[in-house]
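Visitor: Please show me the structure, and then I will ask about it.

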Amino acid sequence: MDLYEYQGKQYFARYGIPTSPGGVADTVDEAVTQADAAGYPVVVKAQVKVGGRGKAGGIKLANDAQEVATYASAILGMDIHGHVVHRLWVEHASDIAREYYASFTLDRAAKLHLCMVSAKGGVEIEEVAATDPTAIAKLHVDPVDGLSVAAAARLVEEAGLEPEARGPAAELLVALYRCYVEGDCDLAEINPLILTTDGRVHALDAKVTLDDNAAFRHPEWEEFAGTETLDERELLAKEKGLNYIGLSGSVGIIANGAGLAMSTLDVVTQAGGSAANFLDIGGGANADVMAAALEVINTDQAVRSIFVNIFGGITRCDEVANGIVEALGRVDLRSPIVLRLDGTNAEAGHAILASHISDRLVVDETMLGAARRAVALAGGAT
Amino acid sequence: MSIFVDEKTKVIVQGLTGSQGRFHGLRNRDYGTQVVAGVTPGKGGTDVDGVPVYDSVGDAVRATGADASFVVVPPRGASAAILEAAAAGVRFIVCITEGIPAQDEARFYNVLRRDHPGVRLLGPNCPGVISPGKCNIGITSGDIALPGGPVGIVSRSGTLTYQALHELSQQKVGQTTCVGIGGDPVPGTSFIDCLAAFEEDPDTRAVMMIGEIGGSAEEEAAQFIKDNMSKPVVCYVAGVTAPPGRKMGHAGAIISGSQGTAQAKMAALADAGATVALNPTEAGERMVEIVKTLD
């Protein structure tokens, strides 16, 4: 789960990472109140989970309450690359001497954490990596050892941070590492990390991606989940524990396992059709999950046929079959189902479905055969 | 021969008394695997359908001489279960648990690397390993595998592992061992570990490798194939037409060094001399053609 900037900063604050004083505002009046509290001048920042806010006019410097009101009113409701602004972050403006970059993430190839620091912050880090790769200092951190202040100090020196910034930056890195590990982040990134004219180092932005798998030990994350902007279908899918991504085609896809679901998209495309979605019902899905998956697909008006591709392992085919029968009774499915069912308890699954086979529920022996039939039922090759 | 496990492998099931552990543990036993014990703290002295249950992995290993463990416990207990098995002297651990936090995976991977270098972890979030006719540890349906070789299979995706087995068995092409390494951020066993083991196994004559989009594991495997594999390799990378996955932010994109697209992976594998197929069925067909040319 990606956090908004203000949530990322609040998350940072739990681990003692310094940020500018500020607050959240959903209305113009609230923005002025927050600005008065933070102290002028302030920066009014659109809260959207997309880059390029500044260029789109979503970040403004305001010197007094009148300016805050003007900018807040302009930014609230603004559409930034398809994301409508519903919330602002208003913080005291910093006197910036230097802009740096710092992040922690997992290096999958090395199987270690990776810390990156650069004295060239404030711009897209990919751009720095492409044009001036030596400007990024990298350090692998073994999770068994953790990150010491001494190692962090060597890294910020290597990155070429100004001498007066190094001490506080090293301490901030250690705090950011704690936030990344104990806070179960997939990514904890600060860009820019600033040195102020009076010699302080703090986070001017916050980009935090939380690891959804760790939600069980972070009850405090519930407040973040409530602010996620999902469309109705994605919300329904999420409630049911389904991994759903909407696409623009006409063949609805349901498969167990991300790999098989991707492969199902591949064969539908190769059969000349186009997928309406990606939907992975996960491992060990029961009848209720299967029925919910069909319900979610059924709300997509563009769907003309539904390809259910199941290879049972931990998922049992008899459970899948029960789910399909349940959905047939519970939901008025607009599209025919083409089913391919193999693996654990497949025979039992086919036996359960035997009396329900019709032109609304077709079974095919092979994945490619089922893909061709689903594409044909959706109106043929596109 | 086979890799990692064979008919002599003695397996304990951590979590045998749970519903998933019981279902899959007993199914593994019914397949012919030597499932010698279960472990559930507090339930020592009981049994599950005749399989004795112990309080700790240490107790189970001392009583049975088990050398492998099948970990079927919820995410919050998986890390401790894996480290307990390694400390108790188990040499091969299969963890099927889905949903383990990445921070936990990074930590126990590095604890194993440092303190238990002789222990192999397969997974987490993987279907397990099957050496057909000899040993099945995990959640793979044994009846879709065909004993006798000559093909070794390694796959990052669970269900595509079954699909690969199915495609070959339908064509009467047997398997030496089929390994599902899992698609989590920090897999204990990599493509390269499996490719190297298959290259050394005299009964494995060809290898099928199933990858998927994201990360750089397929590119690393391609380099290994280029440098070290004398046996033919047939590959399929799932997600040629998939939408871009979850964005990991700027830092993630830099590490991978590429976008992790199926196209880039397929190109790297083809360049390494592997046969690249566009779907699992085609991969099966290419492998059947290759097997015919062996001998």
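Visitor: How much area do chain A and chain B bury between them?

Guide: This is a predicted model, in which local features need pLDDT of at least 70 and side-chain atom pairs count only at pLDDT 80 or more, while totals for chains, interfaces and linings use all residues. Residues are numbered from 1 along each chain as its sequence is written, chains are lettered from A and ligands numbered from 1 in the order in which they are written, and side-chain values use heavy atoms, with hydrogens and water left out. Buried area is the accessible area (1.4 Å probe) that two parts lose on being put together, summed over both. Carbon and sulfur atoms hold 58% of the area between chain A and chain B, and the total is about 5000 Å².

Visitor: Which three residues supply more of the area that chain A buries against chain B than any other three?

Guide: Their share of the area that chain A buries is 14%. The three are A:Arg108, A:Lys111 and A:Phe311.

Visitor: How many residues does the contact take from each chain?

Guide: Contact means heavy atoms within 4.5 Å. By that rule the contact takes 64 residues from chain A and 57 residues from chain B.

Visitor: How many salt bridges does the rule find across the interface of chain A and chain B?

Guide: A salt bridge is a side-chain nitrogen of Lys or Arg within 4 Å of a carboxyl oxygen of Asp or Glu. A:Asp145 and B:Arg114 meet in a salt bridge, at 3.0 Å from N to O. Across the interface of the two chains, the number of salt bridges is three.

Visitor: Why are A:Glu5 and A:Lys9 separated by about one helical turn?

Guide: These two residues form a salt bridge, with their closest N and O atoms 2.8 Å apart. Helices are DSSP runs (H or I, at least four residues), numbered from the N terminus. A:Glu5 and A:Lys9 are about one turn apart because they lie four residues apart in helix α1 (residues 5–14) of chain A.

Visitor: Which element gives the most to the lining of the second largest pocket?

Guide: A pocket is an open set of points on a 1 Å grid over the protein atoms alone, where a 1.4 Å probe fits, with protein on both sides within 12 Å along at least five of seven lines; lining residues have an atom within 4 Å of a point. The second largest pocket is lined by 23 residues, and among those nearest its centre are A:Arg340 and B:His166. With five residues, the element that gives the most is α5(B).

Technical notes:
Helices (H or I, at least four residues) and strands (E, at least two) are DSSP runs, numbered from the N terminus.
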